[in-house]
Amino acid sequence: MSERSDSSEILNSLEKYDLDISDYLPSHSGPKLVLNFNKITTVSEVEGIILKGREIENGIIADIVIKEGTVFEDPIHLCFGVNKETGLQEIFPRIIAEDNSSVTLQAHCSFPNAKNLTHKMFGHIYVGKNCKFVYNETHYHGEQNGATVAPVSYVYVGENSYFENNFFLTQGTIGRMKIQIDIYAFKDSRINSNVKAFGKNSLDSIHVRDAVFLEGENARSIIKMKAAAIGGGEVMMFGITEGNAANTTGHVDCTEIVKDRGSRCRAIPLIRATDESCHITHEASLGKVDSAQLNALMARGLDEDEATDLIIKNML
Amino acid sequence: MSSDVLLSVKDISIFSEDRQCNIVDTISFDVMEGSIHSIIGPNGAGKSTIGYAIMGIYHPCSGKIFFEGENISDLTITERAKRGITLAWQTPARFDGLSVYDYIGVGVKDKNLIEQRVAEALEIVNLNPDIYLKRKVDANLSGGERKRIELASVIAMRPKLVILDEAEAGMDLIVLESFMDIFNKIKELRMTILIITHREDIGMVSDNSTLIWDGKVLANGSFRDIMVLYCQKAGLKKICSRTLFNQFDESVDKIIEEETRENKI
Amino acid sequence: MKENTKYNMHRFIGKQIIDEIQPWFEFSTSLPWDERSPPWVFDNKVRRQILVILSESPLTFEEIIERVLFKPAPLIITKEEYEPKIIYQWDKRTIENHLFNLEWYGLVRKNFDKYEINFPIINKEQLDDVENYVIKFAENWVKVIEESKEEILNKYQGLHKNTPIMDIIIEKIIEKLWETLKKKGLVPNEPNLKHLWGEQLRKTKFNEWVLKNFK
């Protein structure tokens, strides 16, 4: 199978989550880095952005630098895919967004044929002052529960910057997944972190740790974690917010729905404060769907399963 | 209004969860097809409980409920909804991520008619479809907007019986004025309405009423008769002295005096 | 406290002084002395970084502030190609909060105007040397286990086939090892001294409390 068709199959799998793959084909004018296993198939830079990758035995090391003052409307695409059924892929990205820049990063990790495939990612994101940085990561792990995926990210968000993280794994199966994202927020920065995951059968297990450390005065954050575990699936979510500076505000919201025998969900919102002027809050709700919501939909003619599916689908 | 009984509630009683007392006790009343029937009573009388029991959310420990002649006492909420009963909630639920369009359209059986019905329903409740269709039924809607969307969802469904549980709660004065229009439009669509309210100005649109007091039916009859009894029971001097419509600006004492003279009471 | 429940049969029979503070939290010092190692303190990279820089030498507060700043650099883009200009600097109040936290957990202490690490540091050379002893001990254990394994597995084959009997035995070996070393006074300078001390103290205090309150 040629490199190009390998890439095409990975890109085609993006259609599973309703994305127009023409956005990712070489003819698209935006900056992109497309990877198939450990081969960089496309690197496309534009003015203001430096993309550099080095292939290593099982993956790549990648640097992405957004230069000071660069404002980019089109998202930067990072496509990390593996077409194979088995193997190990390791990705080491380092992303630096200098002061006064504005950018959206759209990362896709696609493993459409995974049967016994491991993907590890260890990345750093450094956001300067007065920036807007949106990081969207969507995963697709095929339909055979065959992926083991472990991304770890450390993020530093500079003064007066806005950082948004959206991690979605709601299509296809999960396999086994362990995510860690630790975000350090500096003075006057704002963090918005969203994680959505859907474990669909007994071979799906996802553990998420989403932590925000509020290290600068007036820093604010919200972590929203939503998950559903059905068919025996397992979801565990740690939402951590720590206030270490003056007048910081943070909130952790974990919502998990569990349905079907054998399904398990756990949510542990951990909030800590070491400064007397912090205001950190949390809420968590787990278990079956809210009965008020269920009754409302059943009173319109849906049965319980249909109502639950609709609620989960829209929540995620 | 036809002479057929659409809903018949026979001697239903519902205990509290700790089974220490009856929330409602041997409640009976009939709702005629095509009519507007109100359940009136003070707060805590058990009015909403009756509505939830008809919808199947609460299960009476005794008594029966008939709909179109069929005993529906053992049917689930969904089964009752499929037979044509629905309820507009006093405090409607909010849904993360669910659009107004999807929520209103969920009860429409014919999927080809969803778009049309949803738009019509929003217009009936005076919400602009262009603005509201894409919005989500979440915390970003005000209480009044959420109530109107709730009404729209029952209108779009076109059930045979609509139970409106304190539909006026949370509505502003402007919308309250248009309530009459909304009720009339619902009637034009050939739905029977069961209004649960403690407000006499809402209840006055009804053809028949049931007065609930301390979990029991005090009387069934016309709205006017019920109101006289209500005010007498509550020790009120005037009926509807604070209404918007000023239609019943009569002294209770005077009515009672007249009716006593005519040997009606 | 009046009790007329079926659990009466299983309670201690004696006088319970319910106003007595139960000895698993020392209210006088506000220290949770029975708490195990404080993992959440290490959760934060800034606190870890403070410990790392203090492990090199004791520092004043101002020196810590200066040292804690960092400038991220790309992995493969060279300085000649491009040098990003981001600097991260923590403010004084934040570092102060972190130091309070580290002091409270006894990981750092203040010596006049300087902060210093309050636990032993093993450097890389010492660690490599220690590794030799670790290997020696482990190889000896492996030899003994290899000799006995068949006998153990045969003896316990009646247990459920998935019972990790060797895992259980190895854990119990470690417990027994600590106990025996303590008795012989051979316990080394264990890094988790605070945890072990707390554990022992908790047991002693609990026994005393029981004796005092349940005659």
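1. Two residues are in contact if their C-beta atoms, placed from the backbone, lie within 7 Å. Helices (H or I, at least four residues) and strands (E, at least two) are DSSP runs, numbered from the N terminus. Axes are lines fitted to C-alpha atoms, for helices over the stretch in contact, with angles from 0 to 180 degrees between N-to-C directions.

2. The model is predicted: local features need pLDDT of at least 70 and side-chain atom pairs pLDDT 80 or more, while totals for chains, interfaces and linings use all residues. Residues are numbered from 1 along each chain as its sequence is written, with chains lettered from A and ligands numbered from 1 in the order in which they are written.

3. Chain B holds an open, antiparallel sheet of four strands in the order E2-E1-E4-E5; strands pair if DSSP finds at least two bridges between them. Strands E2 (22-32) and E5 (70-71) of chain B are at the edges with a single partner strand each, so one side of each has no neighbour in the sheet. Seven bridges join E1 (residues 5-15) of chain B to E2(B), and Phe15(B) is opposite Asn22(B).

4. Across E1, E2 and E4 (62-67) of chain B lies helix H1 (residues 47-55) of that chain, at about 115° to E1(B).

5. In helix H6 (residues 143-157) of chain B, 12 of 15 residues are buried, that is, with 20 or more other C-beta atoms within 10 Å of their own, C-beta atoms being placed from the backbone. Among them are Arg146(B), Glu150(B) and Met157(B). Just after H6(B), Arg158(B) has a positive phi of about 55°.
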